[in-house]
Structure formats: C-alpha cells, structure tokens
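My entries follow the structure shown here.

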Amino acid sequence: EKLSNSDFMITDIKEKLSVRKSTLEDSRNFTNNNISELQGSISTLNTLLNMYINNLNDLSSSGDYELQIDKINLNIQKLKEDIESYETAKSETETLLNNCVSSSEKLSSEYKLEQSKLKLIDTKELEDEITSVNFDIKTTSNKISEIDSISDVCPMCGQKLHGVVKPDSTSLKENLAVLKERYSELQVSLNESNKYNIELQNSLDLEYADRQKELSTSIEALQADIINYNNSLTTNNSMLISESENLAKLQTKLNELENTKQHLKNEIENTKKCISDNTDKINDLRLTVDDISARLEIISKMNTLVKR
C-alpha cells in the first residue's frame, strides 16, 4: 500500500531525528570520555602536586646552612685579622732583631777598636831577659858545682895533693847571687806588668760584656718571638684553608638546596596551572554536555510528537 505524502514526511522526520539523536549521543559520550580522561589527569597531577609539596617541605631550611656560613665567615674574618696581626708583629720584631744584630756587630767592632787602643805593657823584653838570666843562673850553677866537686886534699891522709890546684869559685858565687837577685826583680816586674795588663783588659771586657750580653739576650728573645709568630702563622693559615674549604662546600650545598627548591616550586606552579587548565577544560566540556543533553531532550520531545 502506498504511503501518503503525510506519512512519507513523518517517516523522513523520524529517520532524521534518529540520526541526529545518535550523532548527539555519540558526541556526548565522546565529550564525557574527554571529561573522564581530564579528571584522571587531574588526579595524577594532584598526586604529583602533593609529592612536590611534600618533597619541598622535607628539604632542609636554607637558614641552617646560612647560619653555618655566617659562623664560618666570622671565623675566616677573625683568622685573617689574626694573620695580619701576626705578620705585622713579625715584621716589627724582625726590624728590632736586625737593629739588635747591627748593634751587636757595631759593639764588637768598637770593642776590637778599643782593644787595639789599650796601652798594654809589652812584656817580651822582660820575658826574653828572664829567659837569658835563668840560662846564666843554670850555667853559673853548673860551673860552681864542677869547681866544688874538685878535691885538692888526699882522702886517705888528709894532706894537700901535689900539683892539684882547686879554682876559686867566690866570684862565680857572688855573680850567681847577683843573677838570682836580678831574676827575682825581673819576675816581680813581669808579674806586675801582667797584672796591669789583665786588669786593663778585664776593665774593657767588663765595660763591653754587659752591653753585649744584653744585646745577645734581646736577640735570643726576638728570635724566639719570630719562631712563635711563624708557628702561629702556619697554624692560622692551615685553619684558614680548612675553613675556606668548608665554606665552599656549604655554599655548594646551599646552592644545590636553593636550586632544588626552585625546581620544586616551578614544578608545583606548573602542576597547579595544568590542574587549573584541565579544570577549565572540564567546565567547558560540561557546558558542552549540558548543551548536547538539552538538544537531545528537544529531539526526544519531537520524537514523542511525531509518534502521536
């Protein structure tokens, strides 16, 4: 049976409404799937966001490193001041030492000059004469002994021996007495001369000895001070190197900490932005779903009317 024009039109409308309904439902399902995917993405992003925030909160405070760095900087400053103080003191001490050494050398030169000016008695002639007189005494004594050993009397009968003449030693004995007296006089003169020379030399030595001793004591003390300054400089320079190395390590750790913090902050901001962007997209898609649902409702009403 042939359809009337009216029935044909109704059938055509039903078909078109069915196709439109199917298209809109597919679009709504697709949009809802997008929403679900975005919601899943937001859930993942929230997990990441919480992880980044926890990691940021777990990081050490920069203040801990900054306090240590400030403390080390104070130590370094103190060490530098001490080193400068020791170097200044050492330089001043070296100047004093050089002055003392120069004064000591000058004093030695003055001593030698004054020693050369001493009017010491030359005892060489006396010593030579004593040697000569002593020789004469021995020679004369030997001659006297030889004469005294000669006997001009017979030991058996006591009569004078014929032809034996014993030399007279009287003059030799008188000469020996004179020589011994001269020897004694020369010895006294030599002793007096030596005593005079010794006293004169001791007087000069005493005058310069105290000054030289004072300078020697000062030189030894200054040298000891310089050794102490060098030891202090060595110790402080070693400590300065160690503290500088510690400072560099702490500064590196602080920089790494700040870089990590900044990286996490950037990740947090980027993640929040992604969550916000996806939330905006979900809101837009929901509006789209609402719009499609409204259209489907209209189509449903139209289907109802056509079926009547």
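**Charged pairs**

I began with E129, which is partly exposed, with a relative accessible area of 30%. I was working on a predicted model throughout.

I then looked for the partner of E129 and found a salt bridge with R182, in which the closest N and O atoms are 2.8 Å apart. This pair connects distant parts of the chain, since E129 sits in helix α3 (residues 124-148) and R182 in helix α4, 53 residues apart. I noted R182 as partly exposed too, at a relative accessible area of 34%.

Next I checked D82, whose side chain meets that of K78 in a salt bridge with an N to O distance of 2.9 Å. I placed both D82 and K78 in helix α2 (residues 62-117), four residues apart, or about one turn of the helix.

I turned to helix α4, where D277 and K273 lie four residues apart, about one turn of the helix, and their side chains form a salt bridge at 3.0 Å, N to O. I also traced a network in which salt bridges with shared partners join E129, R182 and E185. My count by this rule came to eight salt bridges.

Key:
Residues numbered from 1 in each chain as written. Predicted model: local features only at pLDDT ≥ 70, side-chain atom pairs only at ≥ 80, totals over all residues. Heavy atoms only, no water. Salt bridge = Lys/Arg side-chain N within 4 Å of Asp/Glu carboxyl O. Helix = DSSP H or I, 4+ residues; strand = E, 2+ residues; numbered from the N terminus. Buried < 20%, exposed > 50% of the residue type's maximum accessible area, 1.4 Å probe, protein only.
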